[in-house]
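Thanks for coming, everyone. I'll keep this brief. Please look at the sequence and the model as they come up.

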Amino acid sequence: MCGAIGQGQAWEQQGQAGDDARWRLRREAAATAAELTALLSPRRIKVTASADFGFVVAFPTGGTEMVVGLAQLWHLLERRGIEIPDPLIA
């Protein structure tokens with residue numbers, strides 16, 4: 001797991017550099033999830049990358065839902081009546 005999220009090699013990679021497409025996609029997904037969690041933190045919503053399926057969205061009520069990508073995440077938030085913050089508005 002450390003090789004999927006960090007920048008260095010992991011023991012699972014058996015000495016391969018972290019340039020493998022699968023590991024790069026996992027790192028990008030983890031970084032995207034971290035940015036989404038920071039964006040949604042005022043609403044106490046956490047987003048984590050799932051190795052097998054897009055993202056897991058955890059709500060402050062204890063409920064969780066899985067989404068495939070960002071479009072599905074925005075639809076989920078709209079369906080639950082959660083205002084989507086605009087990161088470009090200061």
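First, terms: helices (H or I, at least four residues) and strands (E, at least two) are DSSP runs, numbered from the N terminus. From the N terminus on, this protein chain reads α-α-β-β-β-α. That comes to 3 helices and 3 strands.

Now the ground rules. This is a predicted model, where local features need pLDDT of at least 70 and side-chain atom pairs count only at pLDDT 80 or more, while totals for chains, interfaces and linings use all residues. Residues are numbered from 1 along each chain as its sequence is written, and side-chain values use heavy atoms, with hydrogens and water left out.

Next, helix α2, residues 21-40. How far should its 20 residues span? The expected span is 1.5 Å times one less than the number of residues. That gives 28 Å, and the end C-alpha atoms are 28 Å apart, so the two agree.

Which residues of α2 are buried? Buried means under 20% relative accessible area, exposed over 50%, partly exposed in between (1.4 Å probe, protein chains only). In α2, Trp23, Arg27, Ala33, Leu36 and Leu40 are buried. Across the protein chain, buried residues make up 23% of the 90 residues.

On to contacts, meaning heavy atoms within 4.5 Å. Take those between residues at least 6 apart in sequence: 19% join residues at least 24 apart.

Last, Val68. Val68 sits in the loop between β3 (64-67) and α3 (70-79). Its relative accessibility is 55%, so Val68 counts as exposed.
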